[in-house]
Amino acid sequence: MTQDNSPSSAEPIVHMAKVNKSFGDLHVLKDIDLTIQPGEVVVVIGASGSGKSTLIRCINGLEEFQHGHIEVDGNELLPNGRSSRALQRIRTEVGMVFQQFNLFPHLSVLDNVSLAPMKVRGWSRTDAVETAERLLERVGIADQARKYPSQLSGGQQQRVALARALAMEPRLMLFDEPTSALDPEMIGEVLDAMRELAREGMTMVVVTHEMGFAREVADRVVYIHKGEIVEQAAPDVLFDSPQHERTQNFLSRVLKH
């Protein structure tokens with residue numbers, strides 16, 4: 001699943017223009033403009049409640065937005081949920097890994113990973129299982145295939161969730177704080193799997209508090225504050241020479257810990 005990793009070689013895979021999202025009176029996203037190229041790894045950072053998770057949930061239609069324009073892999077999402085056909089196509093092309101693992105407890109690891117390709121893409125069980133076995137090998141837990149989620153550590157469960165998302169052969173992967181529910185010793189194994197994806201050229205948007213991962217893996221880091229994109233730049237530029245006072249204050253707090 002190697003993708004072209006040269007950002008200028010194709011049309012953007014994600015284009016957000018003047019996107020606004022509110023929950024009642026709470027204005028969560030304010031005039032968001034963001035473009036993501038195929039093969040690019042974009043890490044979104046910011047304080048809790050800043051709108052990071054809402055931003056990526058809007059990309060795959062898990063959250064409706066009220067104003068603006070979102071296009072994902074050539075499919076246009078319209079405000080207020082008026083885009084059911086495009087949404088169906090986007091859901092098959094975009095994989096997402098959440099804070100919680102959301103695995104089916106009554107299914108084995110292998111069945112958790114192979115189910116969606118059979119149900120959504122219509123693959124045979126043989127093809128789906130072969131793909132699942134390959135992906136479990138890829139994320140380093142092939143030996144856990146016959147176990148059930150309750151028999152795995154948190155880090156192993158999150159890698160199953162990653163393999164499950166990859167089984168749909170997505171063009172884009174979204175990660176919503178994938179390590180926030182893990183014990184510290186388990187974080188590294190999930191980040192290692194994500195690093196490998198990045199090396200292979202997968203287009204990724206990652207919401208995370210892991211600043212070391214952002215510095216190492218991201219092509220671009222986006223800092224969001226109270227629903228607005230304040231600053232975005234290559235990681236060495238944003239972390240070492242932030243231009244905006246809000247970015248400077250945020251980084252001074254998170255990088256000293």
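The following legends describe close-up views of a predicted model.

Residues are numbered from 1 along each chain as the sequence is written. Because the model is predicted, local features need pLDDT of at least 70 and side-chain atom pairs count only at pLDDT 80 or more, while totals for chains, interfaces and linings use all residues; side-chain values use heavy atoms, without hydrogens and water.

**View 1. The annotated span, residues 14–251.** An unreviewed UniProt entry lists this span as "domain: ABC transporter"; UniProt positions follow the numbering used here, feature names are shortened, and annotations may be inferred rather than shown by experiment. Helices (H or I, at least four residues) and strands (E, at least two) are DSSP runs, numbered from the N terminus.

**View 2. The largest cavity and its lining.** One cavity of 30 Å³ or more is found in a search of the whole structure. A cavity is a set of points, on a 1 Å grid over the protein atoms alone, where a 1.4 Å probe fits but cannot get out; lining residues have an atom within 4 Å of a point. The largest cavity has a volume of about 40 Å³, volume being the space filled by probe spheres set on the points, which are joined across faces, edges and corners. R138, V139, L166, A193, E196, L197 and E200 line this cavity. Helix 6 (residues 184–199) gives the largest share of the lining, three residues. The lining has four nonpolar residues, no polar ones and three charged (nonpolar: Ala, Val, Leu, Ile, Met, Phe, Trp, Tyr, Cys and Pro; charged: Asp, Glu, Lys and Arg; polar: the others, Gly among them).

**View 3. The salt bridge between R159 and E189.** The side chains meet at 3.0 Å, N to O. R159 lies in helix 5 (residues 154–166) and E189 in helix 6, so the pair ties together parts 30 residues apart in sequence. A salt bridge is a side-chain nitrogen of Lys or Arg within 4 Å of a carboxyl oxygen of Asp or Glu. R159 is buried at 11% relative accessible area, and E189 is partly exposed at 25% (buried is under 20%, exposed over 50%, partly exposed in between; 1.4 Å probe, protein chains only).

**View 4. The salt bridge between D33 and K18.** The N to O distance is 3.2 Å. D33 is in strand 2 (residues 26–36) and K18 in strand 1 (residues 14–23), 15 residues apart.

Methods
1 Å grid on protein atoms, 1.4 Å probe; cavity = no way out; pocket = protein on both sides within 12 Å on 5 of 7 lines; lining within 4 Å.
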